[in-house]
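Colleague: I am new to this structure. Could you take me through it, piece by piece?

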Amino acid sequence: MSALLEIDDLIVRFRHPGSMLDRLRGRGRQDIEAVAGVSLRVEQGSTYALVGESGSGKSTLARAIVGLVAVAGGSIRFEGRTIASAGQSDLRAVRRDIAIMFQDPIGSLSPRRSVRSILSEPFKVHGVDADLSQEVARLLTQVGLSPDFADRFPHQLSGGQARRVGVARALALRPKLVIADEPTAGLDVSVQGELLNLMNDLQAKLGVAFLMITHNLHVVRHVADRMGVMYLGRLVEEGATGPIFEQPRHRYTQALLAANSEPDPDADVQRLPIRGEVPSLIARPSGCEFHPRCGFALDICKTKLPELTGADGIRAFRCHNPAGVKTAETVPEPA
Amino acid sequence: MADDILDISGLSVDFRTPGGTLHALRDVNLSVKRGSVLGIVGESGCGKSTLINTVIGLLPSNARVAGGEVRFDGRDMLKMTPGQLQDLRGQRMTAVFQDPMTALNPVLTIGQQMVAIQYRSGASTREKRRRAAEYLAKVRIPDPEPRLGQYPHQFSGGMRQRICIAMALLAEPDLMIADEPTTALDATLELEVIALLKDLQREVGCAVLFISHHLGAIAQLCDDVAIMYAGEVVERGTVREIFHDARHPYTRALLTCDPGRIREATRRLPTIPGSIPDLRRLPEGCIFRPRCPERFERCAEHPGDRRITETQFAACHKALDLAPLERIEA
Ligand SMILES: Nc1ncnc2c1ncn2[C@@H]1O[C@H](COP(=O)(O)OP(=O)(O)OP(=O)(O)O)[C@@H](O)[C@H]1O
Ligand SMILES: Nc1ncnc2c1ncn2[C@@H]1O[C@H](COP(=O)(O)OP(=O)(O)OP(=O)(O)O)[C@@H](O)[C@H]1O
Ligand SMILES: [Mg+2]
Ligand SMILES: [Mg+2]
């Protein structure tokens, strides 16, 4: 059986301005690959978390799924049907099945429109015939707000309430997949817990799948079934959440998880410093793209992009010298 | 020279709303020592942004300071003329806001904006651009020079936030106010930004008022911490006092809700039952009483600040009687 969402070798390109020097030398503007060959699967009714470096292409990937940016290569399939591939997209059939929850709830809710009007919008946009006042009340109740919230305006909501309205809007047309970009950023830990519990309950009840983008690794550890770690437009490690937290294999994953700060000023932190600068998308490093910053790089890492290791479906990663194996085994044959 | 770069005492702020007066801040006392970092934590809607907007003199038109003082380097800011405030802002006191999209002008390039904020400097535009690129590099934006020519929407969320931080640092201020500056950053960058803020503090002796929901970031960065609830500072102390020996039931509940404290993965996360009171119809007595697991008869009376140590205060009748909170097991 095919997964709900299947992404294969996805590529998304943007124009890069190029430096003054490049232009003087007659080299024109060049393309950057913000998403550079990503493959992942989201199963029905599950939660998939996408984590990774800021600027690594997570939001771009999400935007490609809902057709907000064009796909330059690879494909996106939903319930087995191709909805986007190089140069084309056909979202009509699935527009109602995929919803996106934006990061900034107050900013993404129009300030002059009441909650009622915000929640009615998806029905109007998709020409769905429904008893709107009944639907609005149903949606509000579903996210734990009383129906009289319908007459409030965004600035009259707390951060947590606004976020609930965002969830309600995303669920309006009973989608099968909700893409949530930083759903809990800016919430205090108690309200964050309420929201995640709510998402979990709705998942159990409605069977909706979540593709969640977040920087909050503690949240990922608790709620995600699977996770993918992005670095410079690629997934460097991917798989079931528990095993990855227990033993990250890729050195970037290892450094990222080690940077997760503990709520204790005296925590005995074992950081794995990442060296040097965030690499540029216009001058991608050769070989393994993490090698200039990796404390464990071997010679081969400078020249050869590591193959994907681990096809058991539990976890896969790209690293020549992965964490979690004894040193004797870590030095691979020279290529 | 005052010891505290910022000293807030008895501050109360109201908002006029259609449903009546909303008492967003009530009798807030706080201070930021020169060159130190004060963290503010609290429930969404507890008044953190209102506090910051009062300090930088940018309250919305329906707000009114109902009482109190805000002293910056010994001078009461609430008595300053708009011109005097303008001189402080962007020079001796800079700010980074929660939402980097609204802080940056969408129709100007990053370079134009970073040059414009150096308007007080006598340097040439070329030199200002060089400094702009230097600060972008400091916050780890790759290819800073060509990227000065790009517009805000061409950067990722985390990059925009770092650009805002670079802009706030350019002035080398005495106080930098940062409203959730690291929420949009991945864990490694968050650590780097925290290290950067610490370095800056050492280099230019800048103090930081740091607001965050991320208790891990607060624990790593701050010297002192204040906990706010529904418009009041319910507890303040050194970072160790707050994280290791919190005395207010709200602080303790908040710490317990942090998923970072829970070792075993769980789908059901702890929360604080109930919700924040309506700030237009305040309950009598202790503000946390309706949700407090420790409440008893005396809580009908507002507790006021209890002094726990030289540096720690908590607004709770039971502050001195509560057993220490369990430490996170390793
Ligand atoms: N419209 C655009 N034009 C040009 N470049 C863009 C555009 N949108 C994104 N980019 C670039 O693509 C890269 C990936 O950006 P994206 O927003 O997907 O990152 P992200 O992983 O979501 O980061 P963050 O965690 O900071 O939100 C960045 O280098 C960004 O500058
Ligand atoms: N312009 C305004 N008019 C009326 N009420 C307001 C206004 N701005 C804020 N409030 C109210 O004042 C209280 C404090 O809001 P504030 O934005 O300071 O909270 P916060 O602690 O920054 O929250 P968050 O963590 O969600 O950012 C809230 O009840 C809010 O609804
Ligand atoms: Mg993003
Ligand atoms: Mg705020």
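Colleague: In what order do the five strands of the open sheet in chain A stand?

Modeller: This is a predicted model. In chain A the sheet is open and its pairing is antiparallel. Its five strands stand in the order β2-β1-β4-β5-β6.

Colleague: Why is one side of β2 and of β6 of chain A left without a neighbour in the sheet?

Modeller: Look at the edges of the sheet, where β2 (30–42) and β6 (88–89) of chain A stand. One side of each has no neighbour in the sheet because each has a single partner strand.

Colleague: Which residue in β4(A) is the bridge partner of D8(A)?

Modeller: Start with the strands. β1 (residues 5–16) and β4 (residues 73–78) of chain A run antiparallel, joined by five bridges. In β4(A), D8(A) has as its bridge partner S75(A).

Colleague: At about what angle to β1(A) does helix α2 of chain A run?

Modeller: Helix α2 covers residues 58–65 of chain A. It lies across β1, β2, β4 and β5 (81–85) of that chain. Its angle to β1(A) is about 115°.

Colleague: Now the ligand. How much of the area that ligand 2 exposes when taken alone does the protein bury?

Modeller: An oxygen atom of ligand 2 is 2.8 Å from a side-chain N or O atom of S49(B). A nitrogen atom of ligand 2 lies 2.9 Å from a polar side-chain atom of N62(B). Alone, ligand 2 exposes 640 Å², and the share buried by the protein is 76%.

Colleague: Which element gives the largest share of the shell around ligand 2?

Modeller: β1 (4–17), β2 (20–33) and α1 (48–55) of chain B each supply at least two residues. The largest share is three residues, and it comes from α1(B).

Key. Residues numbered from 1 in each chain as written. Chains lettered and ligands numbered in written order. Predicted model: local features only at pLDDT ≥ 70, side-chain atom pairs only at ≥ 80, totals over all residues. Heavy atoms only, no water. Polar contact = N/O pair within 3.5 Å; in protein donor to acceptor, adjacent residues only side chain to side chain. Areas by Shrake-Rupley, 256 points an atom, 1.4 Å probe, with all protein chains shown as cover. Helix = DSSP H or I, 4+ residues; strand = E, 2+ residues; numbered from the N terminus. Pairing = 2+ DSSP bridges. Contact = heavy atoms within 4.5 Å. Axes fitted to C-alpha atoms, helices over the stretch in contact; angles between N-to-C directions.
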